[in-house]
Amino acid sequence: MTSKQVMLAWAVLLIGGCSLLGPPKGADPLIGPYEHRQVWAVAPLRNESGSQYADGAALADAIARHLEGASNLDVLPVNRTLQAMDALKMGPPSNPAEAMRLLKMLGADGLVIGTVSAYDPYDPPKLGIALELYVRPSRHRPLVGLDVRKLSRAARLPSPPSWGSPNWSRQPVASVSAFLDAADPVVRGKLERYALGRGSAKAPDSSVLYRISMDLYSEFATYVMSWRLLRAETQRVAKATENQPVP
């Protein structure tokens, strides 16, 4: 291994260590839109990029980790979602009916599904992602007090709740999409801000590591998409609250 490769390896380790301490200094914290604790799940993203290297399950894991850091939001492990998909004999959901079936099986308050529309790991990397949020019917109370750790360790999934016939026409409740090209000056600025405080203090541009490592760039991209999805859901919840009649 050359001295340059050794220095790069140490830099990547430093970034990984910093990420364990919480949100990066240059990134906005993720804020949940709910007053009470909610439980979400994230399904593996469908790969429609044409690249065999796009890993929808790994991207879902990254999204779940970001969302887990949002206030009043717990996220089931992606392997739990995969278990429910196996029980339903289905792949990643591609329409509202499949998404609601999976959400019902999981017994969560919300389910995030999505697609990978573009995937190019070479500098400057490119990643296109679309996400949709499905929620349990509003007439059913949230799962306040659900022990996510206990559910994650359970040997079997619990029996799905009785929902009747949910109105799929109102789903998804939120959707976001973006094509994040590191060559775009706007995206490059966001990437530099995200990388601030995560790389080596001596590096003139710590974001360079996020451009040469697709794993790190995917971490950045999934953070951006998680932030946008939470913002869209916050706007929806705020609008719904405003439209509620005064008792």
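In which helix is Arg-211 placed? Arg-211 sits in helix H7, residues 208-212. The legends below start with the whole chain and then move to single sites.

**Figure 1. Overview of the predicted chain.** This is a predicted model, in which local features need pLDDT of at least 70, side-chain atom pairs count only at pLDDT 80 or more, and totals for chains, interfaces and linings use all residues. Residues are numbered from 1 along each chain as its sequence is written, and side-chain values use heavy atoms, with hydrogens and water left out. The chain holds eight helices and six strands. Helices (H or I, at least four residues) and strands (E, at least two) are DSSP runs, numbered from the N terminus. Their order from the N terminus is α-β-β-α-β-α-α-β-β-α-β-α-α-α. Of the 247 residues, 45% are buried. Buried means under 20% relative accessible area, exposed over 50%, and partly exposed in between (1.4 Å probe, protein chains only). Among contacts with a separation of 6 or more, 75% join residues 24 or more positions apart. Contact means heavy atoms within 4.5 Å.

**Figure 2. Helix H3 against helix H4.** H3 spans residues 78-88 and H4 spans residues 96-106. Their axes come within 10 Å and cross at roughly 115 degrees. Axes are lines fitted to C-alpha atoms, for helices over the stretch in contact, and angles run from 0 to 180 degrees between N-to-C directions. H3 and H4 are therefore roughly perpendicular to each other. Angles under 35 degrees count as roughly parallel, over 145 as roughly antiparallel, 65 to 115 as roughly perpendicular, and the rest as oblique. The crossing of H3 past H4 is right-handed. A crossing is right-handed if the near helix is turned clockwise from the far one by less than a right angle, and left-handed if anticlockwise. From H3, the contact uses Arg-80, Thr-81, Ala-84, Met-85, Ala-87 and Leu-88. From H4, Arg-101, Leu-102, Met-105 and Leu-106 take part. By class, the contact of H3 with H4 has seven nonpolar, one polar and two charged residues. Ala, Val, Leu, Ile, Met, Phe, Trp, Tyr, Cys and Pro count as nonpolar, Asp, Glu, Lys and Arg as charged, and the others, Gly among them, as polar.

Figure 3. Asn-95 caps the N-terminal end of H4. A side-chain oxygen of Asn-95 lies 3.2 Å from the backbone nitrogen of Ala-97. Gly-107 follows H4 and has a positive phi, near 70 degrees. Within H4, the buried residues include Ala-99, Met-100, Leu-102, Leu-103, Met-105 and Leu-106. An α-helix has 3.6 residues a turn, so residues three or four places apart point the same way.

**Figure 4. Arg-136 in its loop.** Arg-136 lies in the loop between strand E5 (126-135) and helix H5 (148-153). Arg-136 is buried, with a relative accessible area of 10%. The side chain of Arg-136 reaches the backbone oxygen of Ala-108 at 3.3 Å.

**Figure 5. Helix H6 packed on helix H8.** H6 covers residues 185-195, and H8 covers residues 214-242. H6 and H8 pack at an angle of about 100 degrees, with their axes 11 Å apart. That makes H6 roughly perpendicular to H8. Val-187, Lys-190, Leu-191 and Tyr-194 of H6 meet Tyr-217, Glu-219, Phe-220, Tyr-223 and Arg-228 of H8. This contact of H6 with H8 has six nonpolar, no polar and three charged residues. Glu-219, in H8, counts as buried at 17% relative accessibility. The C-alpha atoms of Glu-219 and Arg-65 are 9.7 Å apart, while the two residues are 154 apart along the chain.

Figure 6. Most residues other than glycine have a negative phi, and most peptide bonds are trans. Asn-72 is not a glycine, yet has a positive phi of about 55 degrees. Asn-72 lies in the loop between helix H2 (56-68) and strand E3 (73-75), and counts as partly exposed at 25% relative accessibility. Lys-89 also has a positive phi of about 55 degrees. Lys-89 is in the loop between H3 and H4, and is exposed at 76% relative accessibility. The peptide bond from Asp-123 to Pro-124 is cis, with omega near 0 degrees. Pro-124 belongs to the loop between strand E4 (110-120) and E5. Arg-211 counts as buried at 10% relative accessibility. The C-alpha atoms of Arg-211 and Pro-125, 86 residues apart along the chain, are separated by 6.1 Å.

Notes:
A polar contact is a pair of N or O atoms within 3.5 Å; within protein, one must be able to donate a hydrogen and the other to accept it, and residues adjacent in sequence count only if both atoms are side-chain atoms.
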